[in-house]
Every structure is written in C-alpha cells, then in structure tokens.
Amino acid sequence: MKELRWGLLAAGTIAAEFAAGVDESKHGVLEAVAARSGDRAAEFASRFEIPKCYGSYDDLLADPDVDAVYISTPHPLHGAWAIRAAEAGKHILCEKPLTVSVDEAEKVIEAARANDVFLMEAFMYRLHPQIRRLAELISCGAIGEVRAVDVAFSYNFAVPRLTDPALGGGGIFDVGCYCTSLARLVSQAATGQDVVEPEEVLGMAKLDENGIDEVAFGLLRLPGGILAQLACGFQLTQDDHIRVYGSQGQLYVPKPAWIHEMRRPRSSQIILTPEGREPEVIEVEATQGLFAREADHVAAHLADRQAPELTWAETLANLRTLERWRAAVTR
C-alpha cells in the first residue's frame, strides 16, 4: 500500500486529534493544512511539522501533492467542501455528520461517484475493536434474541457552535448521531442485515429559545422487534454507556469507544451477563489509536471508494434517522 498524503481542511481541536493519528498511522503522512487564516494554518503546521500551510481551502485543494482531505469544518460547511474536494479529485474523509440533511448528503455522494473518489463519514468509533467485538457477540447469539438497546452520549458544557442554528447546533446532530448509529448497528448485527432504519421514531427534548436541542431523548422501533432508548445532549451530565438486552442475558459497555480516553491504544471492557449467571468481563485490546486506525482504514479501502463499515448507504440511513428524531422533538 502506497503512502497516503493528507491535507486537512480546518485546523481545530478534532483536526489536531486526526493529525496526531496520521503521524501514528502506518500508511499516512501529513502533507498540508488549511485554515480560515494563514497565521492559524502556519501555527498548526508548525505544531505537527506539516510541510505546507494555506490560508485558503481552495489553495489546498489545488495542491497536486495532496491525495486525500480530512474535512472538519463546522457541520453546515461539510457538504460544500466535500463536493469541491471531489471535483478536485481528492479522496474524502469528512467528519460526522457528513452533512446536515439527507438531500445534501446525496449530492456529496453523487459528486464522489461522478469524480471516482473515495468518500467516508468519519464515525471513527465504528472501527474500534470494542465495537466490532460487541457486534460479534450480538450476531453469534451470546445474549439470545436481542430485545432492547440503551445508549447515552452527553456532556455538560456549551461549545459556541452548538448553540448557533447557523452552525448546525444541537445535541442530536453532534452526539446523538453516535447513539442512532450504535442502535442501528445492534439491529444490523442481530438481524444480519447490512443496513437498517427504524420503523418508528419518537422523541422529546429541552429546546432553547432558538429551537436548539440542548438535551434530547429518543425512542426507536428497529427491525428485529428491537426497541432503542437514546439520550444525548450538551447540557447534561450522565454516564456514557451502551447496554444491550437479550432473551438470555445482557451486554454492557461502560466506556464506549467514542469517549476521549478510549481513542488512545488501551484495553476496554464489555461485560457479558448471561441470564442467571455471574457477569463475565471481556477484555478488548486496541493496539492502535483510533484516529490512526481511521487513517489506515481509508488507505486500505481507497480502491473500493467506500469503506465496508461505513458505506454511503449506511451514512444516508443514519442521517434519515437523525432527521426523523430532530423532527419528533421540534413538532
């Protein structure tokens, strides 16, 4: 596999995490970074020893030495820059959500298809050995017939972009997207289907004066007769967790792969409690950081133009679910 030369579109906190991951990856190298100002790009480039920096995203896209771009702009800008990257012939890894609407996501996918480039939504948690092992336990019947899943992801501090409607604010699209993705993955593993969507979506939320969901709860009825309870928000302190309940036991993940500390190489736990028996702690080792794993995953699947865990159909199904959840809480 040849070395994949990365360009970073935006120079914020998540871009810094990805840059560190590329430095640790087996097949990636940092080639360039662009930011809204040349000074910001230069500071970021110096921090990560990136050879090129630009004060314009278009200038980075015009760089012939950049093979792939990582887009981490605010959510509403994802679609436009992903389309321009595709038109520039660059492979694309775009932070979640890919866009803030299904219609725009379809346009991004069409641009990737028309320009024959790789495109993946950056749900890095899906690549963690912990999540892959969880799916295996469900699909092999470790807890019998799956009946319910409970997922929570929240934090209690207001990042400015989350309170701004113009920047795609709200907890559902920021962290609730992990909850919908995980719940759907459970149904997929239980039913053997590649992609599923909920048959019914209900929700309630605490909305601010601008209609931004600060705290949101959702209920999904998924294929396989599985019910999902979701909780998310950026004005809520709770323990992030995954619980899957079956006819013959339950699975509990006390520290899901999206938690910050889980992004580094370390072991994690899945607790399997068979019906009527003592809990069994399953240790899952991660020998590579999550962003390094993500960068290498892109490199490994460039020729396929899609990644197996995160296909374009998967992205659209999750976005449709998010739109339905958001609509349910703002009626």
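Arg 263 and Glu 17 form a salt bridge in this predicted model. Their closest N and O atoms are 2.9 Å apart, and a pair counts as a salt bridge when such atoms lie within 4 Å. To place the two residues, start from the domain assignment of the chain, which gives domain 1 as residues 4-122 and domain 2 as residues 125-330. Glu 17 therefore falls in domain 1 and Arg 263 in domain 2. Across the interface of these two domains, the rule finds three salt bridges.

Polar contacts can be counted there as well. Between domain 1 and domain 2 there are 10 residue pairs in polar contact, with both residues at pLDDT 80 or more.

Which elements of domain 1 give two or more residues to the side that touches domain 2? They are strand 1 (4-9), helix 1 (13-24), strand 5 (91-95), helix 5 (102-115) and strand 6 (119-122). Sorted by class, this side of domain 1 has 20 nonpolar residues, together with eight polar and eight charged ones.

Now take the interface as a whole. The centres of the two domains, taken over C-alpha atoms, are separated by 24 Å. In contact across the interface are 36 residues of domain 1 and 32 residues of domain 2. The area buried between the domains is about 3,000 Å², and carbon and sulfur atoms give 68% of that area. Within domain 1, the residues that lose the most area to domain 2 are Val 102, Phe 118 and Met 120. Together these three residues account for 20% of what the domain 1 side buries.

How values were computed:
Residues are numbered from 1 along each chain as its sequence is written. This is a predicted model: local features need pLDDT of at least 70, side-chain atom pairs count only at pLDDT 80 or more; totals for chains, interfaces and linings use all residues. Side-chain values use heavy atoms; hydrogens and water are left out. Contact means heavy atoms within 4.5 Å. Buried area is the accessible area (1.4 Å probe) that two parts lose on being put together, summed over both. A salt bridge is a side-chain nitrogen of Lys or Arg within 4 Å of a carboxyl oxygen of Asp or Glu. A polar contact is a pair of N or O atoms within 3.5 Å; within protein, one must be able to donate a hydrogen and the other to accept it, and residues adjacent in sequence count only if both atoms are side-chain atoms. Helices (H or I, at least four residues) and strands (E, at least two) are DSSP runs, numbered from the N terminus. Ala, Val, Leu, Ile, Met, Phe, Trp, Tyr, Cys and Pro count as nonpolar, Asp, Glu, Lys and Arg as charged, and the others, Gly among them, as polar.
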